Structures are given as structure tokens and as C-alpha cells.
Amino acid sequence: MTSRFFHGLPALLLGIVLAACTSVRGNTDADHLVILHTNDTHSSIDPDSKDNGGIARRKAIIDSVRGSRSNVLLIDAGDAVQGSLYFTIFGGEVERELMNRLGYDIRILGNHEFDRGVESLAQEWSKVDATRISTNYDMSGSPLQDLFVPSALKEIAGHKIGFIGLNLDPAGIIAEENFSGVKYQDALQRANEEAAKLRENGAEMVIAVSHLGYETATGIDDLDIAAESKDIDIIIGGHTHTAIDPSDPQSPRWRVANAEGDSVTIVQTGARGFAVGEIDINLATGEVTPKLIRVNNRLDTRIDTAFARLIDPYRTKVDSLRSYRIGESPNEFERTSTRMLNLFSDFVRTRGAEICGKPVDLSIMNKGGIRNSIAKGTITKGEIIDVAPFENRIVVLDISGADLLDNIAIMAGQEGQGVSSNVSVLYDPETHTINNATVDGKAIDPDARYRVATIDYLAAGNDYMTPLKRARTLARSKEILYEALISYIEKGRLDSIFSNPDDNERMTSK
């Protein structure tokens, strides 16, 4: 790649400068910066059911790199919380304590850091040891005021490296009451402003730590930042759970040309702590070499037992729920599978009819509301809470057919979401135009009214389903979604679904 250190030099002169740098500095390890990075670990403290991930294993990687390299920084790109019982029970304490022990140098906010509101977030993040960066959130007057800086300039081996932190627009993705007082500023504009300021202050390289997403259907994403900037060299991303592996030819592209034709490196590790990203930066030449390090059981012989013991007091309460049997499933329901989405969608419709006291025409469920898998065999209470950890409640809405069609169009733009078994939607894969949408075999009538069961998060227009905000609420459950689901399983009311899972796609692109 063309080094940002020497941007604009003629090719011959560039070669002379690089040769001179190599000769003078010796191009030793002291001339390198290694950045280890994570994103969207989502409270995955323990390995998952397939023995991937685990924070103690992550520490083994971090310790190994720190022990062998001179200059190492550890960075997290947000959504360190929400997704397991560790957050449900302890509200972020476990993740914060362990990440402090791991010695994170820089952390930024994801959207799920806001899941319990700004006051709870401020209490937790006031105890975070890392440099806390937020470039494009105005937090003045909120409980988060003074906890974050817009950028950071770090000197490493005689080189100044600048860092900015980019946050997504909370509207439509974070419940409105949970980001009260936090004002979003355009991510691209602020990225360019702050990067330019860092350059003026001597930064030889600028690294953006981002929770915008690699490529998204709504809002500014990392590809936009890369293409429309001129002062940013590397983007360490999160949010879209994109695993970028430079060694894999099928991986999403990790080098993107910026506004001046220079190369920007974009990295992201996927999610749930299944990998740690490593970026080797040659400070003498500006060469950037990224890779992914998988987190699995090969690391178990190198576990820091003292660190692992820190988890034990928390694990006692977690394990009590994970061992509480409530039922059996003869089949696996993998988190991202059609059968899992169908199970939730049909359950929401059935429960919606009960709380409403009237039949419900259809249900809508979002993929993002499902956070874990149901393994074949014993189903436990803790497992179901891990699957649906959010404090969502089921609501029934009265909505016009026109607004319903508008919402289905948005769902098509998200490559389909969950609907009940009596719904069929066919949409164009390129334009996401709805070609056909039926309920009980009849085309949705724009002039008719429909009763729709969903969760309150979506009813408030989140996940960008704004047409649902125009509906009238008919009923709302008292219990949280996972409480209702646990009750159904305990009573055997989902046994037939577990035995005969529906794998049919109900929203299809053709």
C-alpha cells in the first residue's frame, strides 16, 4: 500500500526515503506497532456450545503478543455487552472488570452499551480504565459528559499515531429513552474534521475505531468513511459482525481507495469473541499487515488460571440458570437459521392473540432479537434467556394495510425478517420491491386494517421499522418475552414445533 507517512512523494524519491529509513532504523521490531482488536464480543465470557471463543482464551493471545512484541495496543470497537446471562444478571460489571484486567488501551461505544440507559452506562464507563473516545456524539448535559474525548494522540517509538472513535446514529437502532441527552453528529463530517486536526497536531497516521458497520443499508458505514476521507489510514470496525480475513480470497475487501486514491485498511473480527484481530504496522514504511487469530480450544493449555478464577463468583449464578431444565428439543435451532426465526415469529403471534383476547392476523419478528442457539437435547432456563436476552414485551398493533406494506418493504431491504407461518412475501433481490405479499393466502389490502403481534422494540420504530410507529397499540404483555417463552416450554406448548421445525422461508427474494 502507499504509506500515508509519505503521501505525495514521487515514486523515485519515495524509494530513496524508504531505503534510508530502513538503513537508519534497521527496521527492527521497535519500528513496529501491533494493534490487537476486538468488536461485538457481546458478553461472551465463556466459550459457546461449539467450544469457540472465551475471554480467558482471548487473554492467552493477548499475553502471547505482548510478550513477543515491543509496541502493542489493545482496542475494542464496541458492543462488548449484551448477549449472555453475564450481562442480564450483572449489567456490564463482568465485562468491564475483565476488560480492565486485560488492559484495553482504547474503547468506544456500540449501540448495545446503551441497553440500560445513559445513567447506567455512565456508572459503568466511569470505571473503564481505557481511553474512551467518541468523536461524533455530543454528550454535553448528559450523564456521559466528560467521560469521553473526541480523539487521542499517542506517541509510539517516536511516531505520533492519532485515534478517533465513530458512533452510529442512534435513531432507529437504540430505544429513544436509552440515549436521552446524547446528540448524534454526522460521522463522516466529524471523522474528516478530527482526522485533519490530528494531522495538524503531528499525527503521521490516523486510525478510526468505528461502530458504524462495514456495509449497511442505512446510514454511513466504514466503506463510506474510507472512500470519502483523505486523512484516515486504518478503520477498526464493528456492528455488522463482519469477519474480514485478509488470508481468505472470499473475505470482504479490506483495502479501499480513499478520496485521494490512497489505500485505507478496513478490519473487523466478526462477533462473540471468536477471533482477535492483529494489525502489524511498520512505523518506518507505513506498511499495514492485518490478520485474524481464531479463539478456540488450542489455547486452553495457556490459560491464565488467576484470570479465569475472576469469573468464578459470577459463573455460580450464571450456571444455576444454565442448569435449570425446562424442556427438551429433538432438534437444534441455530441462531441465524430460518427455523429459529420461524419459531419466534409463530410464538409471538400465538402469545399476542392471548394477550389481546382476539385473533391476530400476523406477527413480525426481527433477526437481531435472537442472540443465541437452542442446542439439541435439554433446554434450560438460562439458555432461553441467552437466546432472547432483551427486556422486550409482546405488543399487538392495529395497523393499516398500507403501513404494513411499507414496513414489509423495509424488511425486504433488510434481506427479510421474521413473519408468522400464514404470511408469504416475494420481493425482488436487487430492488427489494415487493412483488407479492399475502396473509392467509390473500393479498394485503392497503385499505384494510390488520392486527399485528410484534415486540415493543419494533413497535417503537426501531430496527428502522418506522411504519409501525403509525399503528395503534391494542395490547401489551406484562411479562418479558423470554419469561413467556420459558413458560410455554415448561408447559410443553412448543413440543410440536421442537419436533417438527419449519425451515420454509416466508420472505423470499426471486
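Predicted model: local features only at pLDDT ≥ 70, side-chain atom pairs only at ≥ 80, totals over all residues.
**Burial and the model**

A residue is called buried here when its relative accessible area is under 20%, exposed when it is over 50%, and partly exposed in between (1.4 Å probe, protein chains only).

Residues are numbered from 1 along each chain as its sequence is written, and side-chain values use heavy atoms, with hydrogens and water left out.

**Aromatic pairs**

Rings of Phe, Tyr and Trp (its six-membered ring) pair if their centres lie within 6.5 Å; planes under 30 degrees apart are stacked, over 60 edge-to-face, and the rest tilted. The whole structure holds five aromatic pairs. One of them is the stacked pair of W125 and F148, with 5.5 Å centre to centre and 25 degrees between the planes. W125 belongs to helix α5 (residues 117–125), whereas F148 is in the loop between β5 (137–138) and β6 (151–156), 23 residues apart. Helices (H or I, at least four residues) and strands (E, at least two) are DSSP runs, numbered from the N terminus.

F347 and Y488 form an edge-to-face pair, 4.8 Å centre to centre with 90 degrees between the planes. F347 lies in helix α9 (residues 338–356) and Y488 in helix α13 (residues 481–490), so this pair ties together parts that are 141 residues apart in sequence. Both F347 and Y488 are buried.

**Charges over rings**

A charge sits over a ring if NZ of Lys or CZ of Arg is within 6 Å of the ring centre and within 35 degrees of the ring normal. The charged end of R116 does this over the ring of F87, 4.7 Å from its centre. Likewise, the charged end of K381 sits over the ring of Y324, 5.3 Å from its centre.

**Salt bridges**

A salt bridge is a side-chain nitrogen of Lys or Arg within 4 Å of a carboxyl oxygen of Asp or Glu. The search of the whole structure finds 32 of these salt bridges. E194 and R190 form one of them (3.1 Å, N to O). These two residues are four apart in helix α6 (residues 187–200), and so are separated by about one helical turn. E194 and R190 are both buried.

R493 and E354 also meet in a salt bridge (2.6 Å, N to O). This pair links distant parts of the chain, with R493 in the loop between α13 and α14 (495–499) and E354 in helix α9, 139 residues apart. R493 is partly exposed at 42% relative accessibility, and E354 is partly exposed at 33%. Elsewhere, D46, D312, R315, R322 and D386 are linked in a network of salt bridges.

**E113, buried without a salt bridge**

E113 is found in the loop between β3 (106–107) and α5. E113 is buried yet has no salt bridge; R107, the nearest side chain of opposite charge, is 4.4 Å away. For this count, Lys and Arg are positive and Asp and Glu negative, while His and the chain ends are not counted.

What does the side chain of E113 reach at 2.9 Å? The backbone nitrogen of A80. The side chain of E113 also reaches the backbone nitrogen of G110, at 2.7 Å.

Methods:
Polar contact = N/O pair within 3.5 Å; in protein donor to acceptor, adjacent residues only side chain to side chain.
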